Amino acid sequence: MEKENIHIDWEVISKSFRGELSGEERERLESWLEASSRHRDFYRRALEGGKTDATVGVDRDVLAAKKNELMGRARVMKGDVKPRRALRFVWYAAAVILPLAIAVGMWVNMGGREKNVVIAQRVQPGSGRAVLELHDGRTYFLDTTRVVETGIEGNLAKAEKQSLVYTKQEAEELVYNKVMVPRAGEYSLTLSDGTRVWLNSDSEIRYPVAFGKDRRTVFLSGEAYFEVEKDAERPFYVVLDGMEVKVYGTSFNVNTHYQGKILTTLVEGKVGIRVKSTGAECILRPNQMAEFDREKEEVEVTDVDTYYYTAWRAGEFVFQNETIEEIMDRLCRWYDTEVFYANDDVRGKRFTGVIVRFTDVADVLHLIGETATVQFNLKGNTITVSDSR
């Protein structure tokens, strides 16, 4: 029998979307969701921005079946990954179903963990958070809706919905701000020229509050996806360690997290990759990636499926025959965890698959462990990886 007289604070629902629930709040949310299909309808419509028919109910059996179907599709994709086709299904299902399953405590598949994952405590995924540092050293924590100073008198920026938005303008003198996204975080900002930037975990960008009249330059460390506003009079540059990207109005991803190299992946438009030490420049076309070798100071261009390198923006991990060590590097940044390996051999084992980013790390490890013949032990924020017994 449904119990619609059970109530819950909106703040609890809001915190569940951000992955910030305490144990007691999670139990309250579970009880509220289990009490009535109307509660579940309301929660799902809030999660999806009101796009779901209010008359459609979601019961436990349907939710369990759909989540099992999703996990099954994400579990094994033998051979070469076809990211775009496979990910369409995963993202659709995840957007509608998986976050709701997470909110009710991941009661599906939690009772019978396989031996490949030993769990001492659950670790939540990353969320929208960042720190803004002004040119004079003042800082703002961008975790709530607010208006923040920029360092230019009379100029303000809005921080809302996990995004910082600057006013459109030009400046005679450049004043720089810096946004730093910690491990287990992500954030976006709109620069003064209208360019949009999405920052992944453990990344930072330094940029002018307002660009000058000649050129637009930002400095990046970590990973970011750019949608650059076209401006023929003012080229846009992304400066990195040892190289820079000259942008001609386009969408692309830059990642400096790979050891010894920087990857620039072009989705649409055109960019030039210039090596600082030599001045050598190569042009990227859509669906191409430039790999800059920091030691050799050389650039290699290859044709790629860009979704593999940009899927993080859609809320997914895409692993294409990657080693466990490469996978754990990405997971540790997103979940703010540490990793230890029982032996060197386990680092080189490989996994191919697609997994939703916005789920508990234990569920991600469970899927990887089933097909990569490794065992994970999760205790606190430390993951130990060993061979399957």
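## Ser-386

Ser-386 lies in strand 26, residues 382-387. Strands here are DSSP runs of E, at least two residues, numbered from the N terminus. At 16% relative accessibility, Ser-386 counts as buried (under 20% relative accessible area, 1.4 Å probe, protein chains only).

Leaving aside neighbours within four places in sequence, Ser-386 is in contact with Ala-342, Val-346, Val-374 and Gln-375. Contact means heavy atoms within 4.5 Å.

## Model and confidence

This is a predicted model: local features need pLDDT of at least 70, side-chain atom pairs count only at pLDDT 80 or more, and totals for chains, interfaces and linings use all residues. Residues are numbered from 1 along each chain as its sequence is written, and side-chain values use heavy atoms, with hydrogens and water left out.

The protein chain has a mean pLDDT (the predictor's confidence in each residue, from 0 to 100) of 77, and 72% of its residues reach 70 or more. Over residues 48-114 the pLDDT is below 50. Beyond near neighbours in sequence, this stretch has 122 contacts in the model.

## Aromatic pairs

The whole structure holds nine aromatic pairs (ring centres of Phe, Tyr or the six-membered ring of Trp within 6.5 Å). Phe-226 and Phe-236 form one, at 6.2 Å centre to centre. Their planes stand 65° apart, which is edge-to-face (over 60 degrees). The pair links strand 13 (residues 223-227) to strand 14 (residues 236-239), with Phe-226 and Phe-236 10 residues apart. Both Phe-226 and Phe-236 are buried. Phe-211, Phe-226, Phe-236 and Phe-252 form one aromatic cluster.

## Charges over rings

The charged end of Arg-313 sits over the Trp-198 ring, 3.9 Å from its centre. Arg-357 places its charged end over the Trp-334 ring, 3.7 Å from the centre. The criterion is NZ of Lys or CZ of Arg within 6 Å of the ring centre and within 35 degrees of the ring normal.

Conventions:
Phe/Tyr/Trp six-rings, centres within 6.5 Å; stacked < 30°, edge-to-face > 60°. Helix = DSSP H or I, 4+ residues; strand = E, 2+ residues; numbered from the N terminus. Buried < 20%, exposed > 50% of the residue type's maximum accessible area, 1.4 Å probe, protein only.
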